[in-house]
Amino acid sequence: MMAVMVLLAGAVVWKECGERGGHGFIRAEVFGGFEEPKITPPRKGEAPVFQEEIINKNQNLPFVHVCSIVELAGGDLGALWYGGPYEYCHENRIYFSTLKDGAWTAPLVIMTPEKVERDLGRPIRCLGNPLLIQSSDGSLRLLFVTIAMGRWSGAQINTCLSKDRGRNWSRVERLTLSPLCNFSELVRNRPIPLTPPSARGGEGWCVPLYQELIGKFPELLWLKQVDGRLIAEKSRMAGGCATLQPSLIPINKESAVALLRDWTQAKRVFMSRTKDGGQTWSRPVPTNLPNPDAGISGLLLSDGRLILAFNDSIILREKLSLALSDDLGASWKNLFLLEHDADAVSSYPFMKRTSDGLIRMVYTHEGDDIKMLTINESWIAAQPEGKLEPSVR
Amino acid sequence: MSLQTLHHLYAALAPWSALSLLLLGRGPYLSRVRIVGSLFLALFVLRIPIAGWTCFQWVMSLEPNPSFTLTALLAVALLQRVGRVQLFSPEDWKAAWFFGALASLILYPMGLGLTSMDPYVLGWRFVLPVAVAVVAIVLILRGNRFGLILLLPFIGFLLGLQESQNFWDAVIDPFYGGGAILIALGICWQGIRRRKSLKSL
């Protein structure tokens, strides 16, 4: 019996070590840290770019939310969001639209609750928070959450794969990431590609994750894809009941800054840093930027400064602003007030730099529009930095 | 058989065993008709549709990964009840409850955010299988049959019977953990009362 036990334990350990490198694949020896951000500085005399557009002009849905963008193979831009009659409605679907020849295609339904229920063989309440990852082999991996019961605290993460640019999707699989009935794991914000240790090592991504069941805290989802097969595990950035929805900004392979949504009475954007490729993070500290318990998104600029989209208020989401930091997130100066309408909400920004050097940002506007802002670094440089101060003292 | 069907069949074992035990009741005499009837009735109840989904599918949307430990303990309880044989001694049960209580006290508070350290991550590393194997070997050496039950998470994990790929889910789930804490507290409370009454004599 002892021999059987030892053999079984050995087989399980071998299985764990074979797939995940024994210590988990977040260790630097298996994945070589964050992929270095490829940023080309603006050319001299480059004209400033500032464009705003509505992505889902003729969709006419009462509720749309949590938009994200992805640069597809070939350089086209794709946007996806979920929407329907209202936030927790079973009828909500995930929509996908691509930017072709300067115009957004009509939104295509890429995920329905019916498909999720059919594939998983169990009921769900509703779906939300979609995110797309473009693989180097041209396939698209969709990550999204579904609620089993209750509200977002009862959410679980699902994934599936498309090899034809989002028209057809593989069977939906559930990722088990939480010990208590797999409840309360949500994705939100830009995934960061990881440096593979070798050509045979597969592709890897670090996806911002958060939990909000009993505590509210930020986590990271580490994904490794080898021949279409996905291995997933997570790590924690901070515990407690204070911050969530991290926006990761890699500085180099080992260092990154995370900016966090606040759930405390501080009502500030929080900041944390890593120097070991995301394995350990400093204790989150409040910055001078206000946060009304709302999503944020940031990026690294070519001159080493950081740019952040945030709601410039401690109560409501009526103002959406851009801010700059020249000390890696420790202090911030307001750059530009994008939206300010006391009767409308602008929230959940998602910022991404595309290979043409432009900075694209999508966000929910007035609850039923998905708006995209396109800017370049020349436009940022032309702004009177620090003229506006953050709303909170 | 698809992997999903396998996951569903395995996940159905724990609720079916628990429901069968409930239907069998605690009466001293069990007729063969009662036994067979209870086992089939439990199966029937799990297949009753509610809002287009069977009771089992609703249960699975709540807990898709019942642990192999819980499933095995329910199977032992069911076999003992139906076969009127003692497979587990009170000491074996005690080990099961204290192991479950300890494991859930290690996993759940920290796993749900109490600290910056997340013990759930250990379920993807070699540490947890080695720790469980050591506990199982110690229990087997002491002649405790719960040690044999601890073989099953390893077998089930290797066969991929669960949707989860985290070894914690093979060992413990909130139902086993919660129940184990309550029963372990009860055992401790009884021990304290017994010691007090012995002192007063």
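# A tour of chains A and B

Select B:Ser17 to begin: this residue sits in helix H1 of chain B; helices (H or I, at least four residues) and strands (E, at least two) are DSSP runs, numbered from the N terminus. The model is a predicted one, in which local features need pLDDT of at least 70, side-chain atom pairs count only at pLDDT 80 or more, and totals for chains, interfaces and linings use all residues. Residues are numbered from 1 along each chain as its sequence is written, chains are lettered from A and ligands numbered from 1 in the order in which they are written, and side-chain values use heavy atoms, with hydrogens and water left out.

**Stop 1: around B:Ser17**

B:Ser17 has a relative accessible area of 4% and therefore counts as buried (buried means under 20% relative accessible area, exposed over 50%, partly exposed in between, with a 1.4 Å probe and protein chains only). Now show B:Leu74 and B:Leu78. Both are in contact with B:Ser17, leaving aside its neighbours within four places in sequence; contact means heavy atoms within 4.5 Å.

**Stop 2: where chain B meets chain A**

Colour the two chains separately. The contact takes 49 residues from chain B and 50 residues from chain A. Between them the chains bury about 4,200 Å², with 66% of it on carbon and sulfur atoms; buried area is the accessible area (1.4 Å probe) that two parts lose on being put together, summed over both. On the chain B side, select B:Leu112, B:Trp124 and B:Arg125, which lose the most area to chain A and together make up 19% of what that side buries.

There are 13 residue pairs in polar contact between chain B and chain A, both residues at pLDDT 80 or more. A polar contact is a pair of N or O atoms within 3.5 Å; within protein, one must be able to donate a hydrogen and the other to accept it, and residues adjacent in sequence count only if both atoms are side-chain atoms.

Next, select the helices of chain B. By class, the side of chain B that touches chain A has 32 nonpolar, twelve polar and five charged residues; Ala, Val, Leu, Ile, Met, Phe, Trp, Tyr, Cys and Pro count as nonpolar, Asp, Glu, Lys and Arg as charged, and the others, Gly among them, as polar.

Four salt bridges run between chain B and chain A (a salt bridge is a side-chain nitrogen of Lys or Arg within 4 Å of a carboxyl oxygen of Asp or Glu). One to display joins A:Arg236 and B:Asp118, whose closest N and O atoms are 3.5 Å apart.

**Stop 3: the two domains of chain A**

The contact takes 31 residues from domain 1 of chain A and 33 residues from domain 2 of chain A.

The domains share zero salt bridges, while nine residue pairs are in polar contact, both residues at pLDDT 80 or more.

Strands E2 (63–71), E3 (77–84), E13 (203–211) and E14 (217–226) of chain A each supply at least two residues of the domain 1 side that touches domain 2. E2(A) gives the largest share of that side, nine residues.

**Stop 4: salt bridges in chain A**

The structure holds 18 salt bridges over all chains. Show A:Arg165 and A:Asp76, whose side chains meet in one of 3.0 Å, N to O. The pair is 89 residues apart, with A:Arg165 in the loop between strand E9 (155–162) and strand E10 (173–175) and A:Asp76 in the loop between E2 and E3, all of chain A. A:Arg165 is partly exposed at 31% relative accessibility, and A:Asp76 is partly exposed at 25%.

Finally, select A:Glu212 and A:Lys216, which form a salt bridge of 3.7 Å, N to O. Both of these residues, A:Glu212 and A:Lys216, are buried.
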